[in-house]
Each structure stands twice: as structure tokens, then as C-alpha cells.
Amino acid sequence: MRVLVRRCWGPPLAHGAGRGRPSPQWRALARLGWEDSRVREKPPWRVLFFGTDQFAREALRALHAARENQEEELIDKLEVVTIPSLSPRGLPVKQYAVQSQLPIYEWPDVGSGEYDVGVVASFGRLLSEALILKFPYCLPRWRGPAPVIHTVLHGDTVTGVTIMQIRPKRFDVGPILKQETIPVPPKSTAKELEAVLSRLGANMLISVLKNLPASLSNGRQQPTEGATYAPKISAGTSCVKWEEQTSEQIFRLYRAIGNIIPLQTLWMGNTIKLLDLVEVNSSVLADPKLTRQALIPGSVIYHKQSQILLVYCKDSWIGVRSVMLKKTLTATDFYNGYLHPWYQKNSQAQPSQCRFQTLRLPTKKKQNKTVTM
């Protein structure tokens with residue numbers, strides 16, 4: 001995962017800054033009404049923050065703490081731009097700004113004050129080139145959930161945060177300013193990993209701000225090969241493919257998106273959401289009732305001793321503690337209300353005939369966009 005730090009085109013930072021013939025970028029700033037006296041080459045910075053979700057909130061919290069620390073004199077002014085009509089996921093930044101009594105603008109209103117630094121953190125909107133040019137410096141944009149989700153989904157053992165410069169119109173093309181890696185904790189969820197990375201990224205953001213001109217001067221170019229793309233997560237991602245996915249792949253899917261989109265399957269023509277998945281221990285797997293079963297992907301039986309539903313995947317069994325079918329049901333409730341009546345009605349049927357099937361959602365004509373990891 002990357003934290004994207006973006007420098008917007010601005011005047012030179014050293015070696016004759018403000019002297020000689022203005023650069024093309026500086027002339028663009030002048031056309032927008034900016035004057036040389038407004039540009040600061042060192043802290044304290046005047047910051048306009050763009051963000052929405054919990055990941056961005058951690059960056060805003062770090063900036064606000066730095067502003068409150070008057071001894072360091074790192075942040076002089078801090079104002080916030082957020083998006084008004086968002087789902088609850090987009091509320092954390094706005095709630096924090098209100099709680100901290102920070103000035104708030106609702107997109108596309110971006111304020112009219114004087115700013116040195118624009119910080120774009122998991123904002124969900126591409127800033128126009130004209131807006132980018134208003135900032136002498138423009139710092140990180142945190143990704144939304146997709147990169148963290150794909151880190152967990154693909155079983156990566158190492159992840160990290162990269163801070164890079166910005167270029168107008170395109171993401172992920174600027175030089176790298178700062179980079180740190182961390183091991184991915186075993187069996188961590190995307191939500192847990194996101195919390196770790198957001199704190200790491202917030203600390204790196206403050207570090208870069210403290211040495212901003214030097215960081216920009218020492219940036220290194222990204223390699224041209226090895227780019228990995230993380231497709232946008234959709235409802236279709238949550239549909240379990242019993243014939244294709246192993247138990248490990250399904251558990252990774254659950255840890256990656258389970259807190260955002262519950263995993264889904266089909267049972268007797270009804271959509272069921274799998275709410276609480278658990279690994280099946282060896283003693284349960286050794287139960288003769290399982291070893292006698294025809295191993296057909298999607299086969300579901302109730303294991304009374306552990307009070308879980310057992311579902312067979314491509315290679316093994318997974319456990320399900322609760323589901324949603326019209327309402328939330330424990331495994332025991334689902335067995336008493338649905339599985340047991342089915343067995344009574346179909347006494348001659350094989351248990352493998354009572355199984356979950358892959359839910360096929362209609363595909364949209366418009367392809368999903370992608371974001372980079």
C-alpha cells in the first residue's frame with residue numbers, strides 16, 4: 001500500500017528562488033493571482049486537507065496534533081475539505097474536524113485562503129490541474145480500501161507505505177520521497193492492517209513536512225516495471241466460488257472484505273450472507289460424518305458438537321457461525337429453521353444435494369476502474 005505525497009507545481013525552492021526569470025510553473029501561479037511573498041520555503045505551513053474516511057482521519061489527527069504543538073511551529077493553519085453526500089464510511093474526517101473546531105469546506109468548495117500545502121488523503125476525487133497549481137506544495141493522498149484489501153486477499157507477507165510527489169492528471173507517477181515496509185501480521189484483517197498503515201503513514205507525513213524542501217530535492221524516480229494493479233472491489237467480489245476457491249482463499253477473502261461486504265452464496269434459490277467464518281480444527285475434520293460425505297464443493301452440514309455450519313470448498317471445509325437469510329441466524333437457528341426441515345422433507349436425498357451454490361450477480365456493462373497498489 002502507498003501513501004501518495006504529491007508536490008504541485010510551484011516556484012523553485014532554492015538556488016535563486018524568487019530571482020531571475022520566473023519558471024513556466026511560477027507564471028501559471030502568477031496568473032492565478034499568487035504573489036511571491038505568499039510562498040513559504042520553510043515551516044510553519046498553511047495546510048488545506050482533503051479527506052473522508054478513517055484512514056484519512058489518522059493523517060488529519062497527526063496534522064492537528066502538530067498544529068497544537070506550538071513549540072515545533074510546523075503547522076500554522078489547518079482547514080479541511082470533505083465530500084458532503086457520502087456513506088458513513090466518509091464521515092470520520094468530517095466528525096473529527098467538527099470535534100476539533102477546524103474550518104470545513106464541502107467539495108467542490110475548496111476555500112479561498114492562502115495555503116502552502118495541500119494534503120489529499122483517501123479523498124475519492126481527482127483534483128483538477130488548476131486546483132493543484134494553486135499550491136506551492138501538495139502532499140499525500142491515501143488510497144481507499146482497495147490496496148489494503150488486495151494485500152490481505154493475495155496473502156502478501158510484506159506491505160508498507162510510500163510517499164511520492166504528485167503530477168497533475170495522473171496518479172502514482174511522481175518520484176518517491178519516503179518509503180517504509182512492515183510485515184503483514186498473520187491472519188490480520190484489512191481493517192486491522194489499515195489501522196497500522198494509517199498510523200505509519202501519518203507519522204511519515206509529519207516527518208516529510210518537517211524536511212519538505214530537502215525531501216522534494218532528494219526524491220528518487222520509481223522503477224518503470226513491476227507495477228501491480230488492485231481492481232476496485234465490488235459486490236461480485238463477495239460471491240464465494242465453492243468449486244474454484246480453496247478454504248485458505250475464502251478465509252483471506254473474508255478477512256479482506258468481510259467488514260465491508262459480507263460474503264454471499266446461494267441456497268435453494270435464496271441469497272445468504274455468511275457473517276462469521278471460523279477455521280475448522282482437526283478434531284472436527286476427523287469426525288466420521290465428514291469423512292463419509294461425498295466431497296462436493298458447497299456441501300453444507302451442521303456440526304452439533306461445535307454448533308457451526310461446515311461447508312466444503314475446493315479442497316477442505318470452512319466453518320460458519322452465523323448467516324443472514326431475511327434476518328441474522330446462528331448456525332443452530334439456520335439448521336433448525338431450514339436445514340433440518342429440508343432433510344425431513346427429502347429423507348432419501350444425499351446430504352451433498354443440500355449445498356450452497358455460487359451466486360452469480362449480473363455484470364455491469366461499465367467496467368470498474370482500477371487503483372494502484
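Buried residues are taken here as those under 20% relative accessible area, exposed ones as those over 50%, and partly exposed ones as those in between, with a 1.4 Å probe and protein chains only. By that scale R67 is partly exposed, at a relative accessible area of 31%. The structure is a predicted model, in which local features need pLDDT of at least 70 and side-chain atom pairs count only at pLDDT 80 or more, while totals for chains, interfaces and linings use all residues. Residues are numbered from 1 along each chain as its sequence is written, and side-chain values use heavy atoms, with hydrogens and water left out.

The chain holds eleven helices and 17 strands, taken as DSSP runs (H or I of at least four residues for helices, E of at least two for strands) and numbered from the N terminus. Of its 373 residues, 48% are buried. With contact meaning heavy atoms within 4.5 Å, residues 24 or more positions apart account for 70% of the contacts in the chain with a separation of 6 or more.

Axes are lines fitted to C-alpha atoms, for helices over the stretch in contact, and angles run from 0 to 180 degrees between N-to-C directions. On this basis α2 (residues 54–68) packs with helix α6 (residues 190–210) at an angle of about 35°, their axes lying 8 Å apart. On the α2 side the contact involves F55, E58, A59, A62, L63 and A66, and on the α6 side E194, L197, S198, R199, A202, L205, I206 and L209. Sorted by class, this contact has ten nonpolar, one polar and three charged residues, where Ala, Val, Leu, Ile, Met, Phe, Trp, Tyr, Cys and Pro count as nonpolar, Asp, Glu, Lys and Arg as charged, and the others, Gly among them, as polar.

Helix α2 also meets helix α3 (residues 92–99), the two axes coming within 8 Å and crossing at roughly 25°. The pair is therefore roughly parallel, on a scale where angles under 35 degrees count as roughly parallel, over 145 as roughly antiparallel, 65 to 115 as roughly perpendicular and the rest as oblique. Here Q54, A56, R57, L60, R61 and H64 of α2 touch P92, V93, Y96 and A97 of α3. This contact of α2 with α3 comprises six nonpolar, two polar and two charged residues.

Another helix pair brings together α5 (residues 146–153) and α8, at an angle of about 160° and with axes 8 Å apart. Helix α5 is thus roughly antiparallel to α8, and the crossing of the two is right-handed. I149, V152 and L153 of α5 make the contact with R252, L253, R255, A256 and I257 of α8. The contact of α5 with α8 counts six nonpolar, no polar and two charged residues. Helix α5 itself is mostly covered, with eight of its eight residues buried. After α5 comes G155, whose phi is positive, near 70°.

Side chains of opposite charge can pair when their charged atoms come close. A salt bridge is a side-chain nitrogen of Lys or Arg within 4 Å of a carboxyl oxygen of Asp or Glu, and the count by this rule is nine. In one of them D116 pairs with R46, the closest N and O atoms being 2.6 Å apart.

Within helix α8 (residues 247–257), E248 and R252 are four residues apart, about one turn of the helix, and their side chains meet in a salt bridge (3.8 Å, N to O). E248 is partly exposed at 37% relative accessible area, whereas R252 counts as buried at 19%. R67 returns here as the salt-bridge partner of E68 (3.8 Å, N to O), and E68 is partly exposed at 49%.

Finally, P43 lies in the loop between α1 (24–31) and β2 and counts as partly exposed at 29% relative accessibility. Leaving aside neighbours within four places in sequence, P43 is in contact with E73, L74 and L209.

Terms used: A crossing is left-handed if the near helix is turned anticlockwise from the far one by less than a right angle, and right-handed if clockwise.
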